[in-house]
Amino acid sequence: MSFETGLITFGELTADPATGRLPEPRQQLRNVIELAELADQAGLDVIGVGEHHRSDFVATAPPMVLAAMAERTRRIRLTSAVTVLSSDDPVRVWEQFATLDLLSGGRAEIIAGRGSYTESFPLFGYDLADYSELFREKLDLLLRIRETNPLTWPGGRFRPPLNQADIAPRALQEKLPVWVGVGGTPTSAVETGAQGLPLMLGVLLGTVGGHSGIVNLYRRAAEQAGRDPATLRVGLSVQGHVGRTSAEARRTMYPHFTAGFRDNNHQRGQGFVLSREKFDAFTGPQGALVVGSVQEVIDKIAAYHEAYGISRLLLHVGFGGMPQAQLLASVERLATEVAPVLRKELAVPAITYSGSATAGDG
């Protein structure tokens, strides 16, 4: 398969730095659907919707947003980014994404994660002290649901057993892709590699090579578990913007990026203001952010590919309430000028998606 380029959106509701006005939630949802339509028509490979449970994010129910996208698109793959599995029910997650897979003609994926934003834990009655154990147990159940139906499962600390449970519908794809989203936690990378699951690495700030240790741990754990690391996919999500020129891209993104840090960070209302000097450093050749002209963005993604061996790059766009017209222009450049070059120039492992011809094998 070729190198994949795509998007992530969280549907942030951020006050416009120029006017102070907040977008209406209904309009922001329509903007997110419009984003998916353009990405599909212009030729991007994947779009992801993040899960957050606060009033400054409109996408509290990503499967519903992705289902709306499915009806307005034809070829782009549709994924969560991430599903906060620790505070959800794996049976319900499976039902939602298998339904999405049927609606979309076999284009659904799940990126499962522990959740870096933790509002969902008290909201759904979970204790943050169980943060890691919740994820392990629920990921185990989700993967078993994917493999077997009806399912008998012995139960765990957080969920009673299942006895010959009929969990429907089954996905259209023979094996609906389940990735694991990982930040900077070594234990998460090791567990994901040992299970042989694809890794989606989330990068915020820092340098291009700053997470190389995490990816090395992932591949080493896979090898120690008897798996061939070369067959395992690594993707990366990072924030960015593609401008007409380097200066225009930075000028456009900077006020919104700092607004997002102030208003949409993990501790709402306690964000910090990133100086323009530091922002420019993070967008430079060694900085983590993928911001600049078309050629700069190509070069930065190629540097990430060289550092980690990634086969998928998901650009988190629109952070900090960027106006829709500027956001769509950036996405069109990513799709029509950046992605074709990456497909041509970046080699990836010969891994293909499971076929979707056999409905019901989920």
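The side chains of Arg-159 and Asp-89 meet in a salt bridge with an N to O distance of 3.2 Å, a salt bridge being a side-chain nitrogen of Lys or Arg within 4 Å of a carboxyl oxygen of Asp or Glu. This pair links distant parts of the chain, since Arg-159 lies in the loop between β6 (151-153) and β7 (162-165) and Asp-89 in the loop between β4 (83-84) and α3, 70 residues apart; helices (H or I, at least four residues) and strands (E, at least two) are DSSP runs numbered from the N terminus. Asp-89 counts as partly exposed because its relative accessibility is 28%, where buried means under 20% relative accessible area, exposed over 50% and partly exposed in between, with a 1.4 Å probe and protein chains only. The model is predicted, so that local features need pLDDT of at least 70 and side-chain atom pairs count only at pLDDT 80 or more, whereas totals for chains, interfaces and linings use all residues. Residues are numbered from 1 along each chain as its sequence is written, and side-chain values use heavy atoms, with hydrogens and water left out.

A search of the whole structure finds 20 salt bridges. One of them joins the side chains of Asp-45 and Arg-343 at 3.4 Å, N to O, and it links distant parts of the chain, with Asp-45 in the loop between α1 (25-42) and β2 (46-49) and Arg-343 in helix α11, 298 residues apart. Asp-45 counts as buried at 10% relative accessibility, whereas Arg-343, at 27%, counts as partly exposed. A salt bridge of 3.2 Å, N to O, is also formed by the side chains of Arg-144 and Asp-140, which are separated by about one helical turn because they are four residues apart in helix α5 (residues 131-147). Both partners are partly exposed, Arg-144 with a relative accessible area of 34% and Asp-140 with one of 27%.

Salt bridges also link Glu-4, Arg-77, Glu-109, Arg-233 and Arg-312 in a network. Within this group, Arg-233 is placed in the loop between α7 (212-224) and β10 and counts as buried at 9% relative accessibility. The side chain of Arg-233 additionally makes a polar contact with the side chain of Ser-311 at 3.1 Å; a polar contact is a pair of N or O atoms within 3.5 Å, of which, within protein, one must be able to donate a hydrogen and the other to accept it, and residues adjacent in sequence count only if both atoms are side-chain atoms.

Arg-312 belongs to strand β12 (residues 312-316), which is largely enclosed by the rest of the structure because five of its five residues are buried. From β12, Arg-312, Leu-314 and His-316 point one way, while Leu-313 and Leu-315 point the other way. Strand β1 (residues 4-9) pairs with β12 in the parallel sense over five bridges, two strands being paired if DSSP finds at least two bridges between them, and Gly-6 has Leu-314 as its bridge partner in β12. Strand β10 (residues 234-242) likewise pairs with β12 in the parallel sense over five bridges, with Leu-313 as the bridge partner of Leu-236.

Leu-236 is also among the residues touched by Tyr-304, which include Val-203, Val-208 and Ile-310, contact meaning heavy atoms within 4.5 Å. Tyr-304 and Met-69 have the most contacts inside the largest nonpolar core, which has 93 residues; such a core is a set of buried Ala, Val, Leu, Ile, Met, Phe, Trp, Tyr and Cys residues joined through side-chain atoms within 4.5 Å. Helix α11 (residues 324-345) contributes the largest share of this core, eight residues. A second, separate core of ten residues includes Ile-8, Phe-10, Phe-57 and Ile-111.

The structure holds six aromatic pairs, for which rings of Phe, Tyr and Trp (its six-membered ring) must have centres within 6.5 Å, with planes under 30 degrees apart counted as stacked, over 60 as edge-to-face and the rest as tilted. The pair of Phe-10 and Phe-57 is edge-to-face, because the ring centres are 6.4 Å apart and the planes are at 65°. Phe-10 counts as buried at 14% relative accessibility, and Phe-57 is buried with a relative accessible area of 3%. Phe-257 and Phe-279 form a tilted pair, 5.8 Å centre to centre with 50° between the planes, and this pair links helix α8 (residues 246-263) with helix α9 (residues 276-282).

How values were computed: Lists of a residue's contacts leave out its neighbours within four places in sequence.
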